[in-house]
Amino acid sequence: MSDLTKILHVDDDDDIRQIALVSLEVVGGFNVHQCSSGKQALDEAEAFAPDLLLLDVMMPEMDGIETWQHLIAKESLAKTPAIFMTAKAEDSTSKKLLDSGAIAVITKPFDPMQLADQLRKAWNDYFAS
Amino acid sequence: MEKHISRLTVLSCMIAGLYLAAFYTFQLSTSLPAIGVSLKESGLFNGSVNSIWAVQLAFLATLLLFRNNKVKKQTIILDRKSKVIDGQAQAISAHSIVSVTDPQAKIIEVNEKFEKAFGYTSAEVIGRNHSFLYPTTNGTSQVSKISSRLKSGKTWSGQERLLAKDNSILIVQSTSLPIFDENGKHVRTIELRTDVTKQRRSESEKNLASIMDTMPEEIYVYDPDNLNVLYVNKKARARLGWTRRIALKSHIQEAGNVFAEMLTPSLLETVKSGKEPETCAEALLDGTPVELITRLNHGLDGEPVLVTFVRDISERKHAEELKLQSVSMVSHELRTPLTSIKGALGLLKSGVMGPLSANVNNIVEIAERNSNRLLLVVNDILDIEKLNSGKMEFFPQTVDLNSFLQEATMANNGYAVECGIEFVLTEPPAGSTLHADSDRMMQVMSNLMSNAAKFSPKGGKVTISVKDMGKMLRVSVSDKGPGIPQESHEKLFDLFVQAKPVAGKKVDGTGLGLAIAKKIVEMHGGSIGFETGPQSGTTFYFDLPKAGHAPKVAEIHAFATAAE
């Protein structure tokens, strides 16, 4: 298991991206690359070569799930674990995502001081199992 | 002159009468020698000696003869009339319920029909005021109303509902006839009644059946003991392809699997015992979501019957679905900006963006507290909507209460710190396990524990304990707070209701938490309640079936998902 250092964060909301950036970079100490759409992520993901994908579920044009499917279809990203963030609080949404292979689902609003720890824990649990 | 003529006329008539009398007496003495001989022998009559006596006697005898004949004729007529009246009385008595009362409405006499119809012996009713036959408390006033009409000499007629000895209702057509003596005094009343109960019931049944045939719901009436069908309405017959005759030969479970699934022995017991006035279940009937409402009724003959209404709820389900989607969308739209607000405030407060002065920190805390409150409202509204529409998902599993409550104590420790209290967990009895959705039950615990913390005095203790109740386990959360005012008790579990503040203690909340907790507990087949007092504090508790006694969550979940 390698260390978790590089995170690709995809979210269409500018404000949330800013908050998450502080949480992950300043509080968590990660190397973060952010995209505002699924399309941008598909263009830039391979070059960034992330350890972890952090994807918002509900996005216009291409939602988080579709973005994920396209990303892991790329050979270099096929084994990159994904964590989803969603403002939809339904259990069924979380269950579907976990059943599809996501390693964790974080419900919005997230705690900016806890976000980095949540990702690390999910990462460690995933590789420990 | 006229006066003289008149007197003369009278005198002439008298002489003529005497002459005729003498003539007839003579005739009588010759035609009835026995009388003549005896009269002569007696010395009272001697044709030549005492003619005046003879005339008088003859006259009297003639009168007697006439009178005798007349009496004989009248007796014959009376006999005939008496026979007719006797016959009529027998016919009335055979046909009607007859009672005779005195002017004070006390029963003097009743016939056999009366005894049979009301179930009383004549000895039981004679001497009683007949107001006891009226089922309502105004029996006395009804009797006096009729009495005053009878006293005025009028007959009373009308339909009455009277009470038999076994408390069954008799519908009778009554006629009351007042009887007066020769002085015009009301001496008694004869009541003639005809039992029209069956006739009225039959009419009512027909009316009822025709009304039920127009209902949009399927209606099933069946015997609670053997579940044989007694009636199904047109809508149900159309779906099943049954005629009325086929329906009467059928068993309720032949009307669809939903009946077999719904009519479990425990449900039948619950309904028949009257523990619950009606039960409601949702199911799919030929692919259509339906609601089955079953209740115990009494038929027109007083016998208990089970009635199930099957209502198509597809439109309601669709509307609920749309409503839930709307609420879900609103919830999502609110959560997104809240994520930024809460995130920004959290980062500011943490100091990672640079140190804050005490004043700024205070303002940031206010903003953060209220954004948390807003988030709570959003979450609660979404939860209550999901619960109401049956879309709250449950994932039941075996829950060890000891570890579950330890986790609850840790998870809610923030409330303890915030309110300056301590959560104290009393170790549950060994082997205390539930079959429940632990996340949902954690939601219930959070609600009860946060409430207890908020209402406790600083430095106080909130105790969490478990009691074995046989098939159930009771989890209690007890505080030493001011108690809940009496006026808040009844509506405490209603939506958007908060207990009135006590001793100026204002507590934040959405007013939805307890309503959600109640729904969640009930969805697990349990119940929630509280005990409170101004001195003793408040204990909220919920009773849930022990693991192995709780199939209900799965059933409800199955219903909820089946209806989707």
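**Chain B, element by element**

Tutor: Helix H16 of chain B, residues 438-455, has 18 residues and spans 25 Å from its first C-alpha to its last, close to the 26 Å expected at 1.5 Å a residue; the expected span is 1.5 Å times one less than the number of residues. Helices (H or I, at least four residues) and strands (E, at least two) are DSSP runs, numbered from the N terminus. This is a predicted model, in which local features need pLDDT of at least 70 and side-chain atom pairs count only at pLDDT 80 or more, whereas totals for chains, interfaces and linings use all residues. Residues are numbered from 1 along each chain as its sequence is written, while chains are lettered from A and ligands numbered from 1 in the order in which they are written.

Among the buried residues of H16(B) are Arg440(B), Met441(B), Val444(B), Asn447(B), Leu448(B) and Phe455(B), where buried requires 20 or more other C-beta atoms, placed from the backbone, within 10 Å of the residue's own.

Turning to the strands, S5(B), residues 186-195, pairs with S1(B), residues 97-101, in the antiparallel sense over five bridges, and Thr101(B) stands opposite Thr189(B) of S5(B); pairing requires that DSSP find at least two bridges between the strands. S5(B) is also joined by nine bridges to S4(B), residues 169-180, again in an antiparallel arrangement, with Gln173(B) facing Thr194(B). S4(B) and S5(B) form a hairpin with five residues between them, and Gly184(B), in the turn, has a positive phi of about 85°.

Helix H13(B), residues 358-388, packs against helix H18(B), residues 513-523, at an angle of about 35°, their axes 10 Å apart; axes are lines fitted to C-alpha atoms, for helices over the stretch in contact, and angles run from 0 to 180 degrees between N-to-C directions. The crossing is left-handed, the near helix being turned anticlockwise from the far one by less than a right angle. Asp380(B), Asp383(B), Ile384(B) and Leu387(B) of H13(B) meet Gly513(B), Ala515(B), Ile516(B) and Lys519(B) of H18(B), contact meaning C-beta atoms, placed from the backbone, within 7 Å. By class, this contact has four nonpolar, one polar and three charged residues, with Ala, Val, Leu, Ile, Met, Phe, Trp, Tyr, Cys and Pro counted as nonpolar, Asp, Glu, Lys and Arg as charged, and the others, Gly among them, as polar.

Finally, 19 residues of chain B are in contact with 19 residues of chain A.

Note on methods
A residue is buried if 20 or more other C-beta atoms lie within 10 Å of its own, exposed if 12 or fewer, and partly exposed in between; C-beta atoms are placed from the backbone. Two residues are in contact if their C-beta atoms, placed from the backbone, lie within 7 Å.
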